[in-house]
Number of protein chains: 2
Amino acid sequence: MQRHFHEELDQLKQTLLAMGAMVEEQIRRVMRALVDRDDAGAQDVLARERQVNQYDVEIDEKCVELLALHQPAAGDLRFITTAMKIVTDLERIGDQAVNVAQRVIELNREPQLKPYIDLPRMADKAQLMVKQSLDAFVARDTALARSVRSADAEVDALNHQIFRELLTFMMEDARTIPRAIRLILVARFLERVADHATNIAEMVVYLVESKMVRHTHA
Amino acid sequence: MQRHFHEELDQLKQTLLAMGAMVEEQIRRVMRALVDRDDAGAQDVLARERQVNQYDVEIDEKCVELLALHQPAAGDLRFITTAMKIVTDLERIGDQAVNVAQRVIELNREPQLKPYIDLPRMADKAQLMVKQSLDAFVARDTALARSVRSADAEVDALNHQIFRELLTFMMEDARTIPRAIRLILVARFLERVADHATNIAEMVVYLVESKMVRHTHA
């Protein structure tokens, strides 16, 4: 039984990592679609959203099942409940890729406003944060989790920089406003990806370092 | 034991409702601060964020404790795991109130761009959705939960309408751009409040109507 349970826990981790890899891939694909002005690439991201949602339901079910069948104690219990929270953040990272994909399709109807340099940099950073937050969860590595939290400030800084630059475009030429606003939104969606990675990282620190359930209420 | 457990579950519901009332109040206060151009009111919302976060931690701990002590079966188990997800949505609704409060303080540094009519309407709708989604959770009322989901479309429509109106302001007078963008963001934050309420409502439908844990894997 105990052996079986730990195999199941291990499988849960693998599925979470697979979901994480998938949402990272969604970010990567949607940014390529943005840069290449590729409608088909953006449509592809929209189509793959279904799979992300399937992971969400599957992992959730798995967690409830593990809780029901094995009634795990303190450490394992909290690991599973944390996984249930993390899966929500991953699903919402997937939603951000969808949000960007929709803006890409809109942007492709007009000429490109400017070359994209900072947006891909911002996406790379956010994507790495997602990867590292999950690695930190699986390895219970709080040092890595803390580094994710500090990377969030860099993504915020890029977001503000992109915002200011696009504001200048808009002020100088009103015809750029609809495109500039879409790009501002893309930057905000990427910022939210980084926020979700930060949520995951914070849960890892809490999981590993906080006092576990102390049955204080009993 | 059983009696005790159901008292604890009931207390969990009450705490969730109290947290829900608090985040609703945050939305109400921040919208009043927007309309009244009241920096102190916005600061007050920022200060009260601590309490929202305390609820988040408290409810999470309570849920883990109930899982650990009572090892509940199917229905109660899923009720508790759903509560753990809902609390995350409530906490993020609280974050949106904070996001609006920050924009209010920035907006107060410049003259008012226009009278606010649709934004408060949008906030009222979003706030009602939060209340109803929680009522639906506590009463396991899927009809109410479904009505929350359909209200989301109205909030989205208001968001688009506000966006288009502010776009017109920006196109006509570049000096309005910074204020208009802040108001566009306020509308998006309110839209996210409605999205979180919709998440809660969807979880209620899933909680009540989906097949519960069937131990299919055992």
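1. The bend at a residue is the angle between axes fitted to the seven residues ending there and the seven starting there. On that basis, α2(B) has a kink of about 30°, centred on B:Arg48. Keep in mind throughout that this is a predicted model.

2. In chain B, α2 runs over residues 39–70, 32 residues in total. From first C-alpha to last it reaches 47 Å. That is close to the 46 Å expected at 1.5 Å a residue. After α2(B) comes B:Gln71, with a positive phi near 35°.

3. Now the overall fold. Chain A contains six helices and zero strands. Its pattern along the sequence reads α-α-α-α-α-α. Along the principal axes, the C-alpha atoms of chain A fill a box of roughly 65 × 30 × 25 Å.

4. Packing within the chain. Chain A has 218 residues, and 42% of them count as buried. Take the contacts in chain A between residues at least 6 apart in sequence: 82% of these join residues at least 24 apart.

5. The core. The largest nonpolar core has 128 residues. Which residues have the most contacts inside it? They are A:Val30, A:Ala126, B:Val30 and B:Ala126.

6. Symmetry. Chain A superposes on chain B by a rotation of 180°, with 0.0 Å of shift along the axis and an RMSD of 0.0 Å. The two copies are therefore related as by a two-fold rotation axis. In chain A, the C-alpha nearest that axis belongs to A:Gln71, at 3.0 Å.

7. The interface. Here 24 residues of chain A are in contact with 24 residues of chain B. On the side of chain A that touches chain B, at least two residues each come from α2 (39–70), α3 (74–107), α5 (142–172) and α6 (177–209). The largest share, seven residues, comes from α3(A). By type, this side of chain A divides into 16 nonpolar, five polar and three charged residues.

8. How the copies meet. Of the interface residues of chain A, 100% are also interface residues in chain B, so the copies meet through the same surface. This can be read alongside the 180° rotation that superposes chain A on chain B.

Technical notes: Residues numbered from 1 in each chain as written. Chains lettered and ligands numbered in written order. Predicted model: local features only at pLDDT ≥ 70, side-chain atom pairs only at ≥ 80, totals over all residues. Contact = placed C-beta atoms within 7 Å. Helix = DSSP H or I, 4+ residues; strand = E, 2+ residues; numbered from the N terminus. Nonpolar A, V, L, I, M, F, W, Y, C, P; charged D, E, K, R; others polar. Core = buried A, V, L, I, M, F, W, Y, C linked by C-beta atoms within 7 Å. Buried ≥ 20, exposed ≤ 12 C-beta atoms within 10 Å, placed from the backbone. Expected span 1.5 Å × (residues − 1). Least-squares fit on C-alpha atoms with pLDDT ≥ 70 in both.
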